[in-house]
Number of protein chains: 2
Amino acid sequence: MRQSATAISPTREENFAEWYQQVIAGAELAENAEVRGCIIFKPWGYAIWENIQGLLDRRIKETGHKNVYFPLLIPLSFLQKEAEHVEGFAKECAIVTHHRLEQDATGRLVPSSPLPEPLVIRPTSETIIGAAFSRWVQSYRDLPLRVNQWANVVRWELRPRPFLRTTEFLWQEGHTAHETQEEALEEALHMLDLYEEFLRTELALPAIKGEKTESERFPGAVRTFTVEVMVGDRKAVQAGTSHFLGQNFARANDIRFLSREGKLQYAWTTSWGVSTRLIGTLIMTHGDDNGLVLPPPIAPLHVVVIPVYHKEADRVGVWERADRLAAKLRSCFYRGSQLRIEVDRRELGGGAKNWYWIKKGVPLRVELGPRELATQSVSVSKRDDPPKEKQLLREEELVERIPELLESIHGNLYQRALAFRQAHTRKIDSKEEFFAFFTPQDSDRPEIHGGFALTHFCGLREVEQELKEALKISIRCIPLGEEPEQGICPFTGKPSSGRVLFAKGY
Amino acid sequence: MRQSATAISPTREENFAEWYQQVIAGAELAENAEVRGCIIFKPWGYAIWENIQGLLDRRIKETGHKNVYFPLLIPLSFLQKEAEHVEGFAKECAIVTHHRLEQDATGRLVPSSPLPEPLVIRPTSETIIGAAFSRWVQSYRDLPLRVNQWANVVRWELRPRPFLRTTEFLWQEGHTAHETQEEALEEALHMLDLYEEFLRTELALPAIKGEKTESERFPGAVRTFTVEVMVGDRKAVQAGTSHFLGQNFARANDIRFLSREGKLQYAWTTSWGVSTRLIGTLIMTHGDDNGLVLPPPIAPLHVVVIPVYHKEADRVGVWERADRLAAKLRSCFYRGSQLRIEVDRRELGGGAKNWYWIKKGVPLRVELGPRELATQSVSVSKRDDPPKEKQLLREEELVERIPELLESIHGNLYQRALAFRQAHTRKIDSKEEFFAFFTPQDSDRPEIHGGFALTHFCGLREVEQELKEALKISIRCIPLGEEPEQGICPFTGKPSSGRVLFAKGY
């Protein structure tokens with residue numbers, strides 16, 4: 001539980017993967033659990049998730065979706081209803097086969113009472129929700145049907161990484177059914193827009209909206225849309241996806257309705273989700289060599305008040321002032337919510353306290369000591385500034401300016417991430433340049449490569465597969481909303497109607 | 001999805017168990033899932049849970065607990081660390097044995113890739129949280145450690161009943177570690193008080209606080225405290241529990257700390273929880289022969305506005321007025337929260353609409369038709385009044401009086417439940433009276449018995465067991481806070497130092 005009062009070691013430059021682990025440890029976000037690939041969300045990490053949930057849940061409800069909760073366990077026969085779907089998840093399913101423990105002859109506890117049909121812990125809930133939809137949807141009057149659930153899911157991970165790829169993770173999954181293809185497609189795209197807006201507005205993450213190629217589609221989907229974020233090592237993270245499922249799951253689950261024309265028709269469905277991987281994306285995008293950096297809207301604390309004194313005689317005065325200031329700040333608002341404030345009451349030096357909160361990524365640190373007391377002022381440090389930078393503000397000025405200070409941090413984080421992405425995105429038209437872009441210049445640091453490549457592509461699946469194997473890259477998406485641009489695929493010389501986004505990904 | 005515009009059939013008198021199922025169906029709270037013993041929370045049922053969560057979560061945080069999230073899957077060896085604990089849960093554990101599906105020779109999907117050690121889906125998390133506590137607690141300075149999690153748990157149920165007893169359920173589980181026995185016991189009792197206050201204030205449920213006898217204790221606990229509620233068929237529901245675990249789990253998980261005196265000591269731990277069974281308790285306590293009745297603080301809607309008109313010419317005027325009223329009400333507050341309002345826009349008659357919302361238990365229905373339009377008034381119906389009772393209020397009067405109307409419903413529900421419990425609670429001093437109290441008078445309705453019996457008891461476990469078998473009753477608790485009362489156990493003639501609460505239970 002003890003932390004050292006220093007920056008993160010190693011730095012991002014030295015070893016990005018290890019830096020990531022150390023930021024998580026330093027901010028006390030999570031730790032590895034005993035079960036392979038699972039993590040324990042510690043209070044600071046879980047509070048970030050609660051804030052993400054609260055802000056996103058409001059948006060999902062405002063767009064007319066209702067929350068529900070479906071069972072964790074799915075009968076194997078359900079999963080098998082959609083052929084591509086089960087194929088996509090078969091290799092990573094946790095399977096419940098027994099419902100009792102018994103002692104064997106040696107006194108050891110062993111599973112007993114085998115189930116007549118194995119149950120799968122949900123890797124996602126299309127099949128079990130589809131079965132309910134088939135009961136709930138009878139007529140066009142029952143449509144659109146739009147539900148969402150916050151849940152845990154399990155996908156067995158062989159190469160886990162905290163938050164980004166864990167065997168169990170937390171997410172929301174939206175599921176909707178519609179009368180027409182157009183309406184379902186519109187829903188899928190609308191939720192993609194909502195995710196992009198949410199990432200930008202609440203997490204300060206600039207995302208590229210696009211469509212996945214066939215080989216990267218969700219198992220069973222007709223079209224998969226994605227929001228892709230570039231993180232600090234120039235790799236891509238798929239931060240959220242939205243699927244147009246066509247009538248595939250409606251057929252598999254017999255979701256049919258009597259249309260306005262009196263005909264029995266299959267519904268058109270969608271699903272969409274974001275998960276606790278957003279926390280990993282946040283860390284890797286905004287984190288710096290001093291630790292975590294949190295966008296204010298989802299920070300568990302907006303401001304930490306740090307009383308600092310060296311002489312025992314100053315103690316009472318400094319503490320009283322800190323409490324008064326905290327009380328005053330608690331009655332202030334940022335984006336319609338009460339400010340989240342804490343006074344650091346520990347008996348520690350100012351340096352140790354400051355570093356503790358720097359590593360936790362708190363947007364504003366307010367120091368109070370005898371000097372500040374004498375001048376009715378406070379020393380304010382913004383987390384996006386260097387650790388030692390402070391501005392002396394009069395107390396009333398701080399109270400007045402807090403919303404603006406927090407917004408400036410948010411805007412700064414967003415702009416910094418956007419500029420970083422732009423600096424490491426290149427339009428590439430030759431195979432040589434493409435290979436060079438994705439080939440590390442320094443063999444000691446194989447993780448440093450070019451970044452995002454926007455390249456013409458003929459669409460051949462084999463080419464996509466070859467590039468994947470050769471360079472460990474994938475097509476992250478075909479960006480949406482771009483002007484059509486005729487060109488030549490540098491890999492085959494065939495014509496291409498637009499650039500796609502290649503990158504290494506998590 | 002269609003509902004009939006009538007009361008619930010059968011009535012509570014006719015068949016309480018079936019009435020319960022019909023209230024759930026009529027209010028669209030939940031339905032049975034395909035996996036045995038699991039339910040699907042439909043939007044109305046889940047919204048009630050979200051409101052319960054929100055209000056309880058705030059209280060838990062205000063008392064200094066921090067939310068965390070631990071993994072769903074627990075290694076079998078962890079569960080075995082505490083002997084009584086594993087014995088208590090061994091018969092109801094869902095066990096994961098494989099992490100992959102493969103096709104067999106006939107093309108059928110079967111579990112493959114067996115796990116080296118089976119994993120148990122958490123039935124509760126003392127063991128896995130205890131393992132983390134042993135890492136987090138090193139010194140007395142790390143104590144008290146107080147965390148809480150909102151999670152799903154699985155306990156294999158052979159006789160499931162929606163909300164009250166389901167294989168998977170949702171709950172919060174608090175876990176704390178302390179320096180001293182006194183502090184841990186105080187924590188367990190404090191959380192019990194918090195639960196009682198929460199049940200009373202937010203759910204209008206009068207609860208009896210007490211301690212469980214040894215045979216009813218949580219597996220591994222030293223003392224188990226409970227809040228017991230009498231529901232509509234005079235049975236008891238254990239609505240929440242709080243456990244003083246002594247040093248049992250600290251020993252099992254090696255949670256030790258360096259004390260103020262520099263000695264290595266085992267910590268003292270507690271755990272406490274309430275679950276979605278609260279929804280079942282609500283339904284059975286407040287529900288009437290017309291359907292669900294919701295206490296205002298947790299109702300998904302406080303008020304439904306029902307436009308009613310017969311002539312097409314009235315349509316526009318009535319709708320406009322309904323929208324204006326809804327907008328006005330949305331800016332009003334009840335207990336510090338914005339009123340939750342909906343306008344029923346369906347093309348249905350007033351009777352059908354009214355019955356729909358009666359069955360859903362909405363506290364206030366506000367009807368608006370041409371008559372009300374002409375007089376600038378509205379017809380207001382309270383859910384705790386008979387269905388046809390209405391009061392005509394001027395619009396401004398309604399807006400002004402809504403908090404008071406909602407509070408009056410809440411108070412009324414609480415008083416009604418309390419009076420019902422008091423009417424069916426009896427102090428009993430003879431064995432004959434006791435047996436008669438718990439023996440149905442009418443063999444056609446075996447569920448109707450006396451209710452709660454407060455009876456002296458010598459404490460013998462065998463007597464408790466015999467009564468359980470003979471009358472299907474149990475000691476719900478030894479009530480707390482009662483004056484000591486010397487007496488004679490009517491079953492053995494031995495001395496007793498106080499009355500215990502006997503009842504049939506869910």
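## Cis peptide bonds

In the segment before helix 1 (16-26) of chain B lies Pro10(B), and in this predicted model a cis peptide bond, with omega about 5°, joins Ser9(B) to Pro10(B). Chain A has a cis peptide bond between Leu143(A) and Pro144(A), where omega is about -5°; Pro144(A) is placed in the loop between helix 5 (126-136) and strand 7 (145-154) of chain A. Most peptide bonds are trans.

## Residues with positive phi

Ala204(A), a residue other than glycine, has a positive phi near 55°, and it sits in the loop between helix 6 (181-203) and strand 9 (208-211) of chain A. With a relative accessibility of 0%, Ala204(A) counts as buried.

Gln376(B) likewise has a positive phi near 55° and belongs to the loop between helix 11 (370-375) and strand 20 (377-382) of chain B. Gln376(B) is partly exposed, its relative accessible area being 40%.

## The interface of chains A and B

The contact involves 64 residues of chain B and 64 residues of chain A, and the area buried between the two chains is about 5,600 Å², with 65% coming from carbon and sulfur atoms. On the side of chain B, Tyr69(B), Leu101(B) and Trp136(B) lose the most area to chain A, together 12% of what that side buries.

Between the chains there are 6 salt bridges, and the side chains of Lys61(A) and Glu50(B) meet in a salt bridge at 3.2 Å, N to O. Strand 5 (residues 95-103) of chain A and strand 5 (residues 95-103) of chain B run antiparallel and are joined by 3 bridges, with Val96(A) standing opposite Val96(B).

Terms used:
Residues numbered from 1 in each chain as written. Chains lettered and ligands numbered in written order. Predicted model: local features only at pLDDT ≥ 70, side-chain atom pairs only at ≥ 80, totals over all residues. Heavy atoms only, no water. Contact = heavy atoms within 4.5 Å. Buried area = accessible area lost by both parts, 1.4 Å probe. Salt bridge = Lys/Arg side-chain N within 4 Å of Asp/Glu carboxyl O. Pairing = 2+ DSSP bridges. Helix = DSSP H or I, 4+ residues; strand = E, 2+ residues; numbered from the N terminus. Buried < 20%, exposed > 50% of the residue type's maximum accessible area, 1.4 Å probe, protein only.
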